Amino acid sequence: VDPGKANYYYIGLSSVAAKKFDQAETYLDKYIQQSPNSSDGYNVVGLLYMNQNQYDKAIEYFNQAIGFDSLSYYPYRNIGNVNYKKGLEHKSNSQYQQARAAFQEAVKYYEKALSMRRAYDYIYETGQVYYEMGEYKKALEYYREALKINPDYESAYVGMIHVFFKDFYSAPFEEIIDVHNKLLEIRPRDKGVYHDRGRMYFNHRDYEKAIADYSTAIEIDSVYYLGYANRGMVYDVLGEYENAMKDYSKALEIRKNEIKNFPEAYTEANLVWIIESINNVYLGQHQYQKAVDNYKQIYDIYQNQSPPNDSLIANSCGNMSFYLLLANQPVEAGKYAEEGLKIWPSQRWIYTNLALSYLLTGKKEKAFKIYREMKDEIYVEGNQPYGEIFLDDFNLLQEAGVPIPHLEEAKAIIQGKK
């Protein structure tokens with residue numbers, strides 16, 4: 001920057017940082033008029049447009065900056081930033097092909113900047129792009145390199161923890177715990193890091209250490225609902241249902257208060273997974289009527305959503321029908337199954353519950369028809385034939401003490417013996 005003309009440049013630069021875009025544009029225009037060949041000036045104008053999400057204009061100015069100084073790494077990095085932002089926007093709109101193309105373009109420009117200046121923050125940014133593309137091992141390579149240069153770089157530790165959450169097997173367990181430990185040295189009172197390390201111990205089936213970390217997170221923040229919810233999950237796995245129910249209930253209470261106090265940030269949909277976790281406890285205790293009564297909350301949440309999500313409503317109908325079957329209420333179960341299939345016919349797994357309701361209410365021929373038609377069909381999500389699911393459901397109902405009429409005849413049809 002020409003010292004004699006720096007005033008316009010620095011006022012423009014600080015105005016961009018302060019998001020005073022009109023003021024920034026005025027001063028940067030003056031600077032470029034005085035220094036028409038300034039790579040720095042065009043680069044900052046590019047930042048001005050990038051911050052206003054005018055990506056094409058931003059790239060135009062960054063390219064002009066490169067034209068005036070091809071050895072300046074800033075505009076290459078900034079074109080990478082533009083494409084990274086574009087990729088995130090495409091991804092949030094489920095435009096995955098466009099997102100990947102933008103992320104690949106971002107990597108190309110980040111690598112160009114890195115060839116000129118291999119700074120730890122540039123390296124980290126490249127890792128972030130690979131993370132968003134789902135290339136987690138590649139992302140880890142960049143995070144590790146950034147930490148070699150700056151061992152106290154928090155963002156790289158956080159990036160690695162995000163990878164571990166997505167892919168637990170992306171790194172040796174010892175490294176996973178070491179990364180959490182190092183971040184805790186920097187942030188000794190960070191409840192989130194204790195929670196995340198607890199999740200890693202849980203995945204490793206070291207339940208005692210998982211409980212200890214979740215408990216520490218709760219000690220740091222007594223209304224940290226994730227700490228309660230996930231500690232409850234550990235107790236659930238251990239069969240300590242009373243402790244699990246206490247933690248799940250506390251998590252649900254906290255979440256409901258958050259919805260009440262911050263309605264712009266949370267909705268009742270945020271309660272669903274906790275309610276489902278409570279249902280798991282009831283099922284583990286064979287309290288099927290309580291499971292039905294509890295799950296009714298989820299059904300009501302989805303029914304009252306605006307705009308309605310037909311897929312979620314149908315799914316809740318299907319789940320409710322199965323809980324009713326376990327509670328030996330086949331007539332009601334059939335009603336919910338039929339409602340779910342009417343709303344979303346492609347959720348064919350609900351026919352498994354409808355067939356059971358027919359079988360338990362004296363409509364065996366209707367049940368047998370479903371068994372014959374679907375026994376060899378593959379349930380995509382479970383990657384198994386429906387015939388296996390039918391047989392598994394028979395076992396679950398028998399464990400619940402529900403008598404199944406015509407059971408052997410139904411099994412013979414499903415197994416192709418009749």
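**Side-chain contacts in the predicted model**

Lys91 is partly exposed, with a relative accessible area of 29%. This is a predicted model. A search of the whole structure finds 24 salt bridges, and a search for aromatic pairs finds 26. The points below take up examples of both kinds, along with lysines placed over rings.

**Salt bridge between helices**

- Lys91 forms a salt bridge with Glu132, and the closest N and O atoms are 2.8 Å apart.
- Because Glu132 belongs to helix H7 (residues 120–132) and Lys91 to helix H5 (residues 73–92), the pair ties together parts that are 41 residues apart in sequence.
- Glu132 has a relative accessibility of 18% and therefore counts as buried, the cut-off being under 20%.

- Glu242 and Lys246 form a salt bridge in which the closest N and O atoms are 4.0 Å apart.
- These two residues, Glu242 and Lys246, are 4 residues apart in helix H14 (residues 241–261), so about one helical turn separates them.
- Glu242 and Lys246 are both exposed.
- A salt bridge also joins the side chains of Glu253 and Lys250, at 3.8 Å from N to O.
- Glu253 and Lys250 are 3 residues apart in helix H14, so they too are separated by about one helical turn.
- Glu253 is partly exposed at 43% relative accessibility, and Lys250 is partly exposed with a relative accessible area of 28%.

**Salt-bridge network**

**Aromatic pairs and cluster**

- A pair of aromatic rings is described by the distance of the centres and the angle of the planes.
- Among the 26 aromatic pairs is that of Tyr9 and Tyr31, whose ring centres are 5.4 Å apart and whose planes are at 55°, so the pair is tilted.
- Tyr9 lies in helix H1 (residues 6–17) and Tyr31 in helix H2 (residues 21–34), so this contact ties together parts that are 22 residues apart in sequence.
- Tyr9 is buried, at a relative accessible area of 9%, and Tyr31 is buried as well, at 1%.
- One aromatic cluster is formed by Tyr371, Tyr379, Tyr386, Phe390 and Phe394.

**Lysines over rings**

- Lys30 sits over the face of Tyr27, 5.5 Å from the ring centre.
- Lys138 sits over the face of Tyr130, 5.9 Å from the ring centre.

Methods:
Residues numbered from 1 in each chain as written. Predicted model: local features only at pLDDT ≥ 70, side-chain atom pairs only at ≥ 80, totals over all residues. Heavy atoms only, no water. Phe/Tyr/Trp six-rings, centres within 6.5 Å; stacked < 30°, edge-to-face > 60°. Buried < 20%, exposed > 50% of the residue type's maximum accessible area, 1.4 Å probe, protein only. Lys NZ or Arg CZ within 6 Å of the ring centre and 35° of its normal.
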